[in-house]
Amino acid sequence: MILKSALMAGLTLLAFGAARAADGPGSVAPEVQTFTLGGLKLVAVHDGRFIAPNNAETFGVDAGPAAVAAVLAKAGAPTDKITVSVNALVVITPRHVALLDTGLGPRAGGVLQASLAQAGIAANSVTDVLITHTHGDHIGGLINAAGGSAFPKAVIRMSAKEWAWAKAQDAALVKAIGPQVKTFEPGTPVLPAITAIAIDGHTPGHVGYEISSGGAKLLDIGDTAHSSIISLAKPDWTMGFDGNASLSKASRRATLTGLAKTHELIFAPHFPFPGVGRVEKDGDGFTWKPALK
Ligand SMILES: [Zn+2]
């Protein structure tokens, strides 16, 4: 599938646009949902969606379409395809407006900028862009329709490993955003309320971001799990977008196990918008409990 190979390769925006056309509509209506975490204001931002046919190329690569269909049917979802949302998150602190991931970008039908406008957040007011990893559905929105930097006033932050990987394969990206990039080592605070946490396997430098305020916590899990149904019910199944499948499975299970124990709030870039909720243990897997309506 073009979409899969494009995402796995880190992709060019052009390739992703073409893949999107081949895989059905990617556009959604601009939408935001505002909520609070301790003393912070957070805004979930809807950007787009993509649809993966149930053909064992994306979900359940090692399980097969019949097994995937059975899990989907049990959840009351269509069994021939898996629809995945594309969401981003804004964290507003006293001194920062931090955008966590940027969606598909305007060239691939992403509506992040229109959604941000709905929340009254101008691109120039974003002080920091925090990237979980450099797949096109997370960094596409760093580039505006004219090919320039979409958040020219922001420091663009990602792990040192991830930036090294991205630089090696995307010269246009380096040209557009290189001067704004500041890298970090996971495990350290990136901003006063936000700590980057290594969640290994999806890409070489994939991280989650833990946001803390007044004793409340939320973990942006990045692409630790893609489908709120399949990835939670069957965390040990191979996911086609995971660069290192075995490491990703181990990270997915360990992260979900921890989250189910602590009941910590999570933000999931690919779960149904707004992607805010908790995971609960369910047999050998987990289920999704949305926290916002
Ligand atoms: Zn993704």
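Before the first selection, a sorting rule: Ala, Val, Leu, Ile, Met, Phe, Trp, Tyr, Cys and Pro count as nonpolar, Asp, Glu, Lys and Arg as charged, and the others, Gly among them, as polar. You're looking at a predicted model, where local features need pLDDT of at least 70 and side-chain atom pairs count only at pLDDT 80 or more, while totals for chains, interfaces and linings use all residues. Residues are numbered from 1 along each chain as its sequence is written, and side-chain values use heavy atoms, with hydrogens and water left out.

**Stop 1: the largest cavity**

Select Phe59, Gly60, Ile230, Ser231, Lys234, Pro235, Trp237, Thr238, Met239 and Arg252: they line the largest cavity. Here a cavity is a set of points, on a 1 Å grid over the protein atoms alone, where a 1.4 Å probe fits but cannot get out; lining residues have an atom within 4 Å of a point. Colour your selection by type and you'll get 5 nonpolar, 3 polar and 2 charged residues. The volume of this cavity is about 50 Å³, counted as the space filled by probe spheres set on the points, which are joined across faces, edges and corners.

**Stop 2: the zinc ion**

Which residues coordinate the zinc ion? Select Asp137 (OD), His138 (NE2), Asp223 (OD) and His270 (NE2), which sit at 2.1 to 2.2 Å. Donors are N, O and S atoms within 2.8 Å of the metal (3.2 Å for Na, K and Ca), and water is not among the atoms, so sites may look incomplete. Along the chain, the zinc donors are spaced D-H-x84-D-x46-H.

Asp137 is in helix α5 (residues 136-139), and His270 is in the loop between β12 (265-267) and β13 (276-282), 133 residues away. Helices (H or I, at least four residues) and strands (E, at least two) are DSSP runs, numbered from the N terminus. Asp137 and His270 are both buried, meaning under 20% relative accessible area (1.4 Å probe, protein chains only).

**Stop 3: aromatic pairs**

How many aromatic pairs does the structure hold? There are 3. Rings of Phe, Tyr and Trp (its six-membered ring) pair if their centres lie within 6.5 Å, and planes over 60 degrees apart count as edge-to-face.

Select Phe184 and Tyr209, an edge-to-face pair with 6.1 Å centre to centre and 70° between the planes. Phe184 lies in strand β7 (residues 181-184) and Tyr209 in strand β10 (residues 207-213), so this pair ties together parts 25 residues apart in sequence. Both Phe184 and Tyr209 are buried.

Technical notes:
1 Å grid on protein atoms, 1.4 Å probe; cavity = no way out; pocket = protein on both sides within 12 Å on 5 of 7 lines; lining within 4 Å. Buried < 20%, exposed > 50% of the residue type's maximum accessible area, 1.4 Å probe, protein only. Phe/Tyr/Trp six-rings, centres within 6.5 Å; stacked < 30°, edge-to-face > 60°.
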